[in-house]
Amino acid sequence: MTSPETGPPSPDAPADAVSVVAPQLRALRRRAALTLETAAGAAGLSPAHLSRLETGQRQPSLPMLLSLARVYGTTVSELLGETAADRDAVVRADAMEPTFAGGWTYWQAGGAGRGMQALRVRVPHGSQGDIVRVHPGEEWLYVLRGRLRLRLGDTVHPLGPGDGAHFDSLTPHRIAAQDADGVELLFVHTLLQSPTAALCLGPATTPVHPAPGGTP
């Protein structure tokens, strides 16, 4: 699986977000006793690209964070420097700070250190459009605004506001915004808490390139 390399940190992204993520990525990789080459291969990245993520020269996309979290047996919250004590059972709207990654904007909608990760995600049109994901677990999403094209295996499902989907993550899947204004959704996924990459990642897949206009 090949992940596209992102450019330098977005000017819209908070500088402290990048400074927190980079050392966390390095510390968690070392805690998992993985070399740069082993961790990068398990996450579908090149060692050079992972090195740039760890030094803050590149900004990870949300799919990259999800992959790295599975490799390191942790959560996206911990990659972002949060601990279980940072959040109560109730998450207030004014406490949901936006994070910018790979063109996506997302907010933690649930507590850290849980077996499920809940996010509110804004996906712009055309972002991460050629990435097909396969991994153990389940995913649930619910469209809040805009129109989404969800590809599950060989089937494309157009979803609008109020539509949802719940599927096995071992089914190759791809999310893309259909309209130029992008799409906003609620997203919940299970995270296997295992430091063993073989248990946390599915088989590599060949990216599916979108047709003109960003559709599958």
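This is a predicted model: local features need pLDDT of at least 70, side-chain atom pairs count only at pLDDT 80 or more; totals for chains, interfaces and linings use all residues.
Close-up 1. Residues are numbered from 1 along each chain as its sequence is written, and side-chain values use heavy atoms, with hydrogens and water left out. Among the buried residues of helix 4 you will find L62, P63, S67, R70 and V71. Helices (H or I, at least four residues) and strands (E, at least two) are DSSP runs, numbered from the N terminus.

**Close-up 2. Helix 3 against helix 4.** Helix 3 (residues 47-54) packs with helix 4 (residues 62-72) at an angle of about 95°, and their axes are 13 Å apart. Helix 3 is therefore roughly perpendicular to helix 4, a label for angles of 65 to 115 degrees. The axes are lines fitted to C-alpha atoms, for helices over the stretch in contact, and angles run from 0 to 180 degrees between N-to-C directions. From helix 3, H49, L50, L53 and E54 meet M64, L68 and Y72 of helix 4, where contact means heavy atoms within 4.5 Å. By class, this contact of helix 3 with helix 4 has five nonpolar, one polar and one charged residues.

**Close-up 3. R29 and E54.** Here R29 forms a salt bridge with E54, and the closest N and O atoms are 2.6 Å apart. A salt bridge is a side-chain nitrogen of Lys or Arg within 4 Å of a carboxyl oxygen of Asp or Glu. R29 lies in helix 1 (residues 15-31) and E54 in helix 3, so the pair ties together parts that are 25 residues apart in sequence. Both R29 and E54 are buried. The structure holds five salt bridges.

Close-up 4. Six strands form an open sheet in the order 1-2-3-9-4-7, with antiparallel pairing; two strands pair if DSSP finds at least two bridges between them. Strand 1 (99-101) and strand 7 (164-168) are the edge strands, each pairing on one side only. From one strand to the next, the twist averages 25°. Strand 1 is joined by three bridges to strand 2 (residues 104-108), and the two run antiparallel. Look for A101, which stands opposite W104 in strand 2.

Close-up 5. E184 forms a salt bridge with R122, with 3.5 Å between the closest N and O atoms. E184 sits in strand 9 (residues 183-190) and R122 in strand 3 (residues 116-123), so this pair links distant parts of the chain, 62 residues apart. E184 is buried at a relative accessible area of 10%, whereas R122, at 33% relative accessibility, counts as partly exposed. R120, R122, R145 and E184 are linked in a network of salt bridges.

**Close-up 6. D179 and R147.** The side chains of D179 and R147 meet in a salt bridge, 2.7 Å from N to O. D179 lies in the loop between strand 8 (173-177) and strand 9, and R147 in the loop between strand 4 (138-145) and strand 5 (148-152), so the pair ties together parts that are 32 residues apart in sequence. D179 counts as partly exposed at 22% relative accessibility, and R147 also counts as partly exposed, at 40%.

Note on methods: Angles under 35 degrees count as roughly parallel, over 145 as roughly antiparallel, 65 to 115 as roughly perpendicular and the rest as oblique. Ala, Val, Leu, Ile, Met, Phe, Trp, Tyr, Cys and Pro count as nonpolar, Asp, Glu, Lys and Arg as charged, and the others, Gly among them, as polar. Buried means under 20% relative accessible area, exposed over 50%, partly exposed in between (1.4 Å probe, protein chains only).
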